[in-house]
Amino acid sequence: MRPYILAETNWKEIQNQKFDVAILPWGATEAHNYHLPYGTDILEAEYIAAEAARKAWEAGAKVIVLPVIPFGVNTGQTDILLDINMSPSTQAAVLHDVLEVLNRQGIQKLLILNSHGGNDFKTMLRELGLKYPNMFLSSCNWFQALNKAEFFENAGDHADEMETSLILHLRPDLVLPLEEAGEGRDKKPKIRAYREGWAWAERKWSQISEDTGVGNPKKATKEKGERYFDAVTTKISLLFTELADAKIDDLYE
């Protein structure tokens with residue numbers, strides 16, 4: 001039993017415990033090329049949250065990791081079999097219910113550990129922050145915490161070398177042989193502004209990628225995944241620790 005994982009602990013252990021930060025891992029259920037499981041984002045969220053929380057807990061931070069939310073925004077993948085979409089309005093409703101509990105019970109800091117590029121919680125947290133002015137609400141994308149080029153050869157953002165290496169390290173039993181993986185070639189927008197990244201439109205996934213991947217996974221290894229996992233959880237654990245120590249009314253210098 002890990003005392004910082006809510007799903008594993010029990011009322012006997014938790015009833016007199018005080019927690020400073022609640023961590024809400026948020027993933028998605030979607031295809032990840034031919035070789036990775038639909039639960040890739042869920043697994044990454046669970047393992048990264050747990051390991052970062054372990055490191056923070058051992059440093060004295062009173063954090064509690066809530067169960068992962070398994071569905072994300074997949075509105076651009078409606079024609080891909082069983083890519084489960086949770087609309088932003090539904091996400092906001094889920095967040096509201098979680099915050100109502102935390103606020104009532106005196107846990108005033110929430111961090112969403114996001115594991116899916118289609119999720120964007122900023123506007124939700126702005127609105128919910130008005131309803132819960134005594135709480136500090138924040139989110140982070142673990143996949144943006146480090147410079148991936150320092151760990152991996154091929155760039156990408158979905159079922160790429162990074163994600164494949166991570167799952168090879170965390171759950172190799174769920175990864176097909178890499179010779180069965182697609183190469184993750186993606187089509188770029190014809191409109192220049194979208195291609196350059198200073199304008200945005202949702203990608204229609206079946207139009208940009210034949211295998212649902214974006215980024216070549218062929219050079220992925222479990223060793224690369226282990227190195228990246230250790231580095232990213234160490235960095236995120238520092239966020240957990242600093243957040244636990246922070247005073248809500250004294251956040252700026």
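Guide: Start with strand 3, residues 109-114: 6 of its 6 residues are buried. The model is a predicted one.

Visitor: What makes a residue of strand 3 count as buried?
Guide: The cut-off is under 20% relative accessible area. Lys109, Leu111 and Leu113 point one way. Leu110, Ile112 and Asn114 point the other way.

Visitor: How do you know that strand 1 and strand 3 pair?
Guide: Pairing needs at least two bridges. Strand 1 and strand 3 have 5, so they pair, and they run parallel. Leu24 stands opposite Ile112, and Pro25 stands opposite Leu113.

Visitor: What joins strand 3 to strand 4?
Guide: 6 bridges join strand 3 to strand 4 (residues 136-141), again with at least two needed, so these strands pair as well. They run parallel. In strand 4, Ser138 is the bridge partner of Leu111.

Visitor: Why is the crossover from strand 3 to strand 4 called right-handed?
Guide: The chain goes from strand 3 through helix 4 (residues 122-131) to strand 4. With the strands pointing away from the viewer, a clockwise path is right-handed. This β-α-β crossover is right-handed, so its path runs clockwise in that view.

Visitor: What is the order of the strands in the open sheet?
Guide: The order is 2-1-3-4, with parallel pairing.

Visitor: What makes strand 2 and strand 4 edge strands?
Guide: Strand 2 (63-65) and strand 4 each pair on one side only.

Definitions and conventions: Residues are numbered from 1 along each chain as its sequence is written. This is a predicted model: local features need pLDDT of at least 70, side-chain atom pairs count only at pLDDT 80 or more; totals for chains, interfaces and linings use all residues. Side-chain values use heavy atoms; hydrogens and water are left out. Buried means under 20% relative accessible area, exposed over 50%, partly exposed in between (1.4 Å probe, protein chains only). Helices (H or I, at least four residues) and strands (E, at least two) are DSSP runs, numbered from the N terminus.
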